[in-house]
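Reader: I would like to go through this model by its pocket and its helix packing. Please show it first.

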Amino acid sequence: YRRIIADRENVAFDLGRVTVDLLSLRTACQYGADSMSTEALRQAAEGLQGDFLEGLELADCLEFQRWSIGEREETRRLRVRLLAALVARLEGVPDDALPHARALSLIEPENESTQATLVRLLRATGRWREAEAYAQTAERRLAEFNVVRTGALRQAARLHRPGLAAQRRP
């Protein structure tokens with residue numbers, strides 16, 4: 001069965017008897033990530049690591065370039081939705097949510113809420129120094145992006161370490 005159909009001018013892919021994981025994911029997410037199991041969310045987010053068709057460039061084909069840029073952006077947005085859903089679902093288990101929050105913070109460095117969530121999760125897992133250092137770095141990055149801030153990152157950075165106030169008292 002021929003799946004790739006090509007001639008001197010065109011190339012096409014016949015989807016008649018194949019399953020394309022990305023198309024399946026997009027269909028599953030149409031109804032929202034809430035309808036997906038946690039394991040399905042994890043697998044989907046892992047499957048979307050890296051850029052769509054990373055390394056495939058056809059410099060002489062503007063139509064392909066426009067299409068691939070659009071697909072890459074749509075795939076990035078899908079991964080953001082999946083990771084955000086995972087972080088929200090696993091926030092009560094900070095150690096499980098943390099890797100997904102880290103990945104999300106790399107994809108959306110200009111999103112203050114995403115950065116604040118990562119700082120909160122770092123603190124919740126006892127990584128106080130890392131949380132403080134990350135909050136400072138994220139503040140600088142947000143300033144570079146000229147992001148209008150809500151204060152969420154500063155609020156997350158101000159959370160005190162349990163027992164610290166008691167240690168400071170004479």
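Reader: What volume does the largest pocket have?

Author: First, the basis: this is a predicted model, where local features need pLDDT of at least 70, side-chain atom pairs count only at pLDDT 80 or more, and totals for chains, interfaces and linings use all residues. Residues are numbered from 1 along each chain as its sequence is written, and side-chain values use heavy atoms, with hydrogens and water left out. A pocket is an open set of points on a 1 Å grid over the protein atoms alone, where a 1.4 Å probe fits, with protein on both sides within 12 Å along at least five of seven lines; lining residues have an atom within 4 Å of a point. Points are joined across faces, edges and corners, and the space filled by probe spheres set on them comes, for the largest pocket, to about 720 Å³.

Reader: Which residues lie closest to the centre of the largest pocket?

Author: The lining of the largest pocket has 19 residues. By class they are 14 nonpolar, 1 polar and 4 charged (Ala, Val, Leu, Ile, Met, Phe, Trp, Tyr, Cys and Pro are nonpolar; Asp, Glu, Lys and Arg charged; the others, Gly among them, polar). Closest to the centre are V11, F13, L53, F64 and W67.

Reader: Which element gives the largest share of that lining?

Author: Elements are DSSP runs numbered from the N terminus: helices (H or I) of at least four residues, strands (E) of at least two. Strand 2 (11-13), helix 1 (21-29) and helix 3 (62-90) each give two or more residues to the lining. The largest share, 4 residues, comes from helix 3.

Reader: Is helix 2 oblique or roughly antiparallel to helix 3?

Author: Axes are lines fitted to C-alpha atoms over the stretch in contact (heavy atoms within 4.5 Å), with angles from 0 to 180 degrees between N-to-C directions. The axes of helix 2 (residues 38-47) and helix 3 come within 9 Å and cross at roughly 140°. Under 35 degrees is roughly parallel, over 145 roughly antiparallel, 65 to 115 roughly perpendicular, and the rest oblique. Helix 2 is therefore, relative to helix 3, oblique.

Reader: How is helix 4 oriented to helix 5?

Author: The axes of helix 4 (residues 94-107) and helix 5 (residues 112-124) come within 9 Å and cross at roughly 150°. So the two helices run roughly antiparallel.

Reader: How many charged residues does the contact of helix 5 with helix 6 have?

Author: Helix 5 and helix 6 (residues 128-144) have axes within 8 Å, crossing at roughly 170°. Among the contact residues are E112 and R123 of helix 5, and E130, E132 and R141 of helix 6. The contact also has 9 nonpolar and 1 polar residues; the charged ones number 5.
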